[in-house]
Amino acid sequence: MREIRADYDDQSIVVYQAYSPSIAGPAVAAQRFVPPFKMERMTWIKPSFLWMMYRCGYAQKEGQERVLAVRITREGFDWAVANALESNISGKPAVRVQWDPERGLHHEPLRHRSIQIGLTREAVDRYVNEWTVSITDVTPLARQIHEKVRARDLDGARALLPVERPYGTSTAQNA
C-alpha cells in the first residue's frame, strides 16, 4: 500500500534530507539552500522521518551527519507529486518518485510504502527559491531517538518521533 505520511499543516509540509555539515550549516543559517549545495544535482526529499533515519543511519553515515527538517509549501509539494514520473520510467522529468517500504525504529521494512521525491532542474530551483519556508536541524532529535532505540526504550523513542499522519490530497494519493 502506498501512503504519504507527513508532518503538515494547512500551508506547509515537512520533508527531510541528510547532508554533511558543510552543506547543512549554511542552509540552516540562511534558511535556504546556498553553496556548497549544488542546484544542478538531483536532490531527494522524504516526508517520512523514519525512512530518513533508515537512509542516514540516524545521522551516522558519512556525508549525512546532519538531518534537516525542511518545511515547504504544500503547493510546492503537490506540484512535485503531480509532475513526478516513477523512477523506473525512462526520460528526464523534473521530478522522479519512488515508493520504498516504510521503515520502523530498527530500520525493519513495514507493510506500507513511503514516497521519496527526486527533484532536478526546474524542481530544484522551485524547491530552493520558492517552496522552502524554513530549515531546522533535527540532528539532536535523530541521535536522541537512536540512543533510546539502542537502549531498547522503544516507547521512549516513539514518544519523540514527529507526528506524521496520512497526507490527504487526491494529487498525492494518485502519484
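In the hairpin of S6 and S7, five residues lie between the strands, and His107 among the residues of this hairpin has a positive phi near 70°. Helices (H or I, at least four residues) and strands (E, at least two) are DSSP runs numbered from the N terminus. Two strands count as paired if DSSP finds at least two bridges between them.

This is a predicted model, in which local features need pLDDT of at least 70, side-chain atom pairs count only at pLDDT 80 or more, and totals for chains, interfaces and linings use all residues. Residues are numbered from 1 along each chain as its sequence is written, and side-chain values use heavy atoms, with hydrogens and water left out.

**Overall form**

The protein has seven helices and nine strands. Its radius of gyration is 15 Å, close to the 16 Å that the globule rule gives for 175 residues, so the protein is as compact as a globular protein of that length. The radius is taken over C-alpha atoms, and the rule is 2.2 Å times the number of residues to the power 0.38. Along the principal axes, the C-alpha atoms fill a box of roughly 45 × 35 × 30 Å.

**The sheet**

An open sheet of four strands has the order S3-S7-S6-S5, with mixed pairing. S3 and S5 (84-86) are the edge strands, each pairing on one side only. From one strand to the next, the twist averages 40°. Axes are lines fitted to C-alpha atoms, for helices over the stretch in contact, and angles run from 0 to 180 degrees between N-to-C directions.

S6 and S7 are antiparallel and share eight bridges. Pro101 stands opposite Arg113 in S7, and Asp100 stands opposite Ser114 in S7. S3 and S7 also run antiparallel, joined by three bridges; Trp44 has Gly118 in S7 as its bridge partner.

| Helix | Strands touched | Angle with S7 |
|---|---|---|
| H3 (residues 74-82) | S5, S6 and S7 | about 95° |
| H4 (residues 121-131) | S3, S6 and S7 | about 90° |

**Pockets**

On a 1 Å grid over the protein atoms alone, a pocket is an open set of points where a 1.4 Å probe fits, with protein on both sides within 12 Å along at least five of seven lines; lining residues have an atom within 4 Å of a point. Grid points are joined across faces, edges and corners, and a volume is the space filled by probe spheres set on the points.

The largest pocket has a volume of about 470 Å³. It is lined by 20 residues, of which Ala18, Tyr19, Met42, Thr43 and Trp44 are the closest to its centre. S2 (12-19), S3 (43-45), H2 (49-56) and S6 (95-103) each supply at least two lining residues. The lining of the largest pocket has nine nonpolar, six polar and five charged residues. Ala, Val, Leu, Ile, Met, Phe, Trp, Tyr, Cys and Pro count as nonpolar, Asp, Glu, Lys and Arg as charged, and the others, Gly among them, as polar.

The second largest pocket has a volume of about 160 Å³. Its lining includes Arg5, Phe49, Glu102, His112 and Glu164. H2, S6 and S7 (109-119) each give at least two residues to this lining, which has five nonpolar, two polar and four charged residues.

**Backbone exceptions**

Most residues other than glycine have a negative phi, and most peptide bonds are trans. Tyr58, not a glycine, has a positive phi of about 55° and lies in the loop between H2 and S4 (66-73). The peptide bond from Pro35 to Pro36 is cis, with omega near 20°; Pro36 is in the loop between H1 (21-30) and S3.

Terms used. Contact means heavy atoms within 4.5 Å.
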